[in-house]
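Here is a short briefing on one protein chain. Look at the sequence and the structure, then read the points below.

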Amino acid sequence: MPHKFRTSAHRRVPEPVVVLILALATAGATACKEDEDPRKNRVLSIELVSPPSALYRPGDGTTEIAVQFLVREADVSQAASEAIPLEPNEYIIDLALDNKPVDNEFIPDQSSEKLASSLHIGLVLDASFSMLQHGNFKDNDAFTPMKSAATKLIENGVSLWRNRPGSFSFQASWFNNAVYIQEGAWRPNDINSIAKPEQGNFTRLLGAVGVMADRLKQARDTGVASDIRDRHMMIVFSDGADNYSYFDNSSIDQHGETSSGADFRKIGTTPVTMENVLQKLGNHPSLSVHVLGFGEAINSAELKQLAATGGGRFFANPSAADLDSLFERVSKEFATVQTRGAVIPLPPGDYTFTLKVTSPTASEPRLCNLRLVGGREAVDQIASQCSP
C-alpha cells in the first residue's frame, strides 16, 4: 500500500562521514616453492578497523591495550580487494609484548566491557521504479527481496550484539526522486513495510548518500557509537546510476508512515554533486561505506568512488537472482570484527605489542606491531605499524 503523508514545516539536516584504517603485515620466511604445502595457497591480511588504544589506569598501575581488527584471506592470484573476511574460528591469534607471549591472566574475556565496541548502521536503499523491472525475479520485483535481505542484515547485527559488549543500532533511508528517512526508533522488520516504488520515479542516489552522511555525523556528535572503538557503517544499495541529484527539490518536506506504522520523512535536497558527497564522507572520523551494485545499469565507477572514499568495499552481482548473497557478504564486514587486548602492569617505558594471526590455509602468518608508551598517566594513543 502507498505511504500516508502529513505535511510539516521544512527542517534542515546538519552537515558533513569516513574512514577505515587499513594495514597489513607479513611475518615468517618465504619457503622455497618446492617445499610449499599445496594446501597453503592463501594469503592473509590484517585490517585495523579503528585506531588501537592504550590507556594507563592510575588506580592499579596497569596499562589497558586494545586493538580492533578483522582478518582477510585471498587466493595468491586474487587482488587484495577480493580478500574475504575470515570467521574468528578460522584462524589463530597470538599476543606478545616485546616478543614475549602475553600471559593469559592479562587477557580479558571477549565479553569484557574493557573490549566493548558499538556499531551504528545507516541503510541507503534504492526505491526507484527500476527495482520492479528485473526480469529474473517473480513479477520482476527485486525491491521486495532487497528489503528482506536488508532486514536480515540488521537482524544479524542485533543478534550478534546480544552476546557482545557494546550496542548495535541502525537507521534506514531509501530514495527515488526524493529521499525518505526513518524517524524515531524502528524495529528491523519495519524495513519490510516500506512501500513499493511508483512508476516515473527517478534516482537521487547522491542526494540520499549525502543526507545519510549528515545524519550519521549528527548521530556521532550526539553520542551514538562515539567512543574510540565504536564505528558507523553506511550500506548503499543501487541498481542504477544517479540521474536526479542535479535538480533542486529541497522544498519537499512531508511526514509519513509505512504499512507497519513506522514513521518517516520524505525530503528533497538542493543540487548535489559527487564532489559534495565525497567531502561529506571525508568528514566523519569513524565511518566505513560499503556499496552494493545490482543489475546491468549500475555506474560502477560512481559506486566504486563512494566505497573507496568511504574506506569500504564495492560489491557487484549483476546476474544474481538472489540478493541475499550481496547483503550476506557485506554483513561479514562487521560480523567478523574482533577486539583483542590485554591489561598489563607495566613500569613506565616504551613497548611493542604484537598481534600475530595464523591460518592453516595460508602460507605465512601476519603480524601487526603496536608501539606504545606504558605505565604513565594520560596515555590514550598508540602508534601502529603493520608492515612486511
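Which residue forms a salt bridge with Lys 196? The partner is Asp 141, and the closest N and O atoms are 3.3 Å apart. A salt bridge here is a side-chain nitrogen of Lys or Arg within 4 Å of a carboxyl oxygen of Asp or Glu.

This is a predicted model, where local features need pLDDT of at least 70, side-chain atom pairs count only at pLDDT 80 or more, and totals for chains, interfaces and linings use all residues. Residues are numbered from 1 along each chain as its sequence is written, and side-chain values use heavy atoms, with hydrogens and water left out.

**Salt bridges**

- The pair of Lys 196 and Asp 141 links distant parts of the chain, 55 residues apart. Lys 196 is in the loop between E10 and H2. Asp 141 is in the loop between strand E8 (119-126) and helix H1 (143-161). Helices (H or I, at least four residues) and strands (E, at least two) are DSSP runs, numbered from the N terminus.
- Lys 196 is partly exposed, at 48% relative accessible area. Asp 141 counts as buried, at 8%. Buried means under 20% relative accessible area, exposed means over 50%, and partly exposed lies in between (1.4 Å probe, protein chains only).
- The structure has 15 salt bridges by this rule.
- Glu 47 and Arg 313 meet in one of them, at 3.7 Å from N to O. They are 266 residues apart: Glu 47 is in strand E2 (residues 42-48), and Arg 313 is in the loop between helix H4 (300-309) and strand E15 (314-316).
- Glu 47 counts as buried, at 5% relative accessibility. Arg 313 is buried too, at 13%.
- A network of salt bridges links Glu 47, Arg 72, Arg 313, Arg 329 and Glu 333.
- Arg 265 and Asp 253 also form a salt bridge, at 3.3 Å from N to O. Arg 265 lies in strand E13 (residues 263-267) and Asp 253 in strand E12 (residues 253-257), so the pair ties together parts 12 residues apart in sequence. Both Arg 265 and Asp 253 are buried.

**Aromatic rings**

- A pair of aromatic rings is described by the distance of the centres and the angle of the planes.
- There are 13 aromatic pairs in the structure. Rings of Phe, Tyr and Trp (its six-membered ring) pair if their centres lie within 6.5 Å; planes under 30 degrees apart count as stacked, over 60 as edge-to-face and the rest as tilted.
- Phe 237 and Phe 327 form a stacked pair, with 5.7 Å centre to centre and 20° between the planes. Phe 237 is in strand E11 (residues 231-238) and Phe 327 is in helix H5 (residues 324-335), 90 residues apart.
- Phe 237 is buried, at 0% relative accessibility. Phe 327 is buried, at 2%.
- Tyr 244 and Phe 247 form a tilted pair: 5.4 Å centre to centre, 35° between the planes. Tyr 244 is buried, at 15% relative accessible area. Phe 247 is partly exposed, at 37%.
- Ring pairs join Trp 174, Tyr 180, Trp 186 and Phe 264 into a cluster.

**Nonpolar cores**

- In soluble globular proteins, nonpolar side chains tend to be buried together.
- The largest nonpolar core has 39 residues. Such a core is a set of buried Ala, Val, Leu, Ile, Met, Phe, Trp, Tyr and Cys residues joined through side-chain atoms within 4.5 Å.
- The residues with the most contacts inside this core are Ile 121, Leu 125, Trp 186, Ile 191, Phe 237 and Phe 327.
- E8, H1, strand E9 (168-175), E11 and H5 each supply at least two residues of this core. H1 gives the largest share, 7 residues.
- A second, separate core has 27 residues, including Val 124, Ala 208, Val 209 and Met 212.

**Helix H5**

- H5 has 12 residues. From first C-alpha to last, H5 reaches 15 Å, close to the 16 Å expected at 1.5 Å a residue. The expected span is 1.5 Å times one less than the number of residues.
- H5 is mostly covered, with 9 of its 12 residues buried. Among them are Phe 327, Arg 329 and Glu 333.
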